[in-house]
Amino acid sequence: MKILIIGGGGREHAIAWKLSKEKGIEKIYCAPGNVGISDVARCLDINDSDIDKLLAFAKENKIDLTIVGPEVPLVKGIVDEFEKCGLRIFGPNKECARLEGSKAFSKDFMVRHNIPTAKYKEYINIEDAINEIDTFGYPVVIKADGLAAGKGVVIPQNREEAIQTLHEMMSDKKFGEAGNKIVVEEFLRGIETSILAFVDNNTIVPMVSAKDHKKVYNNEEGPNTGGMGTFSPSEIYTDKVAKEIEKEVLLKTLEGFKKDGLDYKGILFIGLMITEEGAKVLEYNVRFGDPETQSVLFRLETDLNKIMKAILDNKLNEININYKKEEAVCVMLTSGGYPESYEKGKAIEGLNELDDDIVVFHSGTKFTDGKLVTNGGRVLGITSSAPTVEEAAKKVYENIKRVNFEGMHYRKDIGIILCEELS
């Protein structure tokens, strides 16, 4: 098989790394890829949202399977375009991708299919939003309807902050057209977690759980990021919680797809808040999460290629999916200043000094003048496994001491100090 992976971050590196270990794969391409991915795949100078060029490459090189990593090409309809040409591509089509591409579409889907979620209302007029904002209480959640690179959710603590946020989104167009419509939700209190699931027309199969840490500083402090690290399994995802989510969220979501005629095939990421009233859905994403993927695929024993083929053929229910018993930890090394402004081009040293059982997933790196340098906010995901999360974390942190670049920042409590809310 010849496989094309679309994307260039840590998630795509984890996908390429997993596939590179599987039999029957002749060649892996990645567009655009990154330095780490280039060790296991041929990287292409094609933007991950340039559908025309990606389609042309797939045709010319007789690609057997294309795997879409990021959300933007999915929302733009890359799956539909490839399928029109008879090419096999893994990911949901444009209609299904609206679950991530439009917060309003997603919330309407949840409410219509009785899937537990926060109360909400959508607005296209800023005056209406301002007049009614107090009815939600504070803090309040305000979301740009469209894609905003993971930054379109703000949680104002009071009326003044809420009105400022509404003006930034709707009048000042801080997130561009994504803020033409906004969704306002009640603030849910509880413990946040998420689950990734494999989905075809007949079946939804949750993967092993993973806990993502969004806050930039230790002890869940500071602004939200794209993710500072993960561990798998999540201590929050108990058997009791898993059974509740299967009944109230997973199966209702699958039934909703059927009732709405949504031909959903691919990965579904479900963001959850575990409240006193039970689990409630915060959001749907229509692709692998980053950096949850790094921990989950690190544990996956079954061939990912086999799973994807089964999904495309609507035969997911015919295969068994197995995971290593060992538990995994991935800690992100980030540029100083992230998630706000940060400098690029800082030389990275020490990667050749890491233990053999450490895997480094590259998120934002490139070669300049023969040197590996930083090229993004999230730079590297240092990953390993052990019999317990705590042991895996200690192993990862021992190795991080050998890595260095100017301004390097990372959380020091991923997998070490589990959520205090549960103690």
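**Cysteines, a serine and the overall fold**

Colleague: Hi! Cys-96: buried or exposed?
Modeller: Cys-96 is buried, at 1% relative accessible area. Buried means under 20%, exposed over 50% and partly exposed in between, using a 1.4 Å probe and protein chains only. This is a predicted model, where local features need pLDDT of at least 70, side-chain atom pairs count only at pLDDT 80 or more, and totals for chains, interfaces and linings use all residues. Residues are numbered from 1 along each chain as its sequence is written, and side-chain values use heavy atoms, leaving out hydrogens and water.

Colleague: How many disulfides turn up in the whole structure?
Modeller: Zero, from a search of the whole structure, with a disulfide taken as two cysteine sulfur atoms within 2.5 Å. For Cys-96, the nearest cysteine sulfur belongs to Cys-85, 19 Å away.

Colleague: And how does Cys-85 count for accessibility?
Modeller: Cys-85 counts as partly exposed because its relative accessibility is 34%.

Colleague: Switching topic, where is Ser-194?
Modeller: Ser-194 is in strand β10, residues 191-199. Strands (E, at least two residues) and helices (H or I, at least four) are DSSP runs numbered from the N terminus. Ser-194 is buried too, at 7%.

Colleague: What does Ser-194 touch?
Modeller: Leaving aside residues up to four places away in sequence, its contacts (heavy atoms within 4.5 Å) include Tyr-237, Phe-269 and Glu-292.

Colleague: Zooming out, how many helices and strands does the protein chain have?
Modeller: The chain has 12 helices and 22 strands. Of its 423 residues, 56% count as buried, and the C-alpha trace spans about 55 × 50 × 45 Å along its principal axes.
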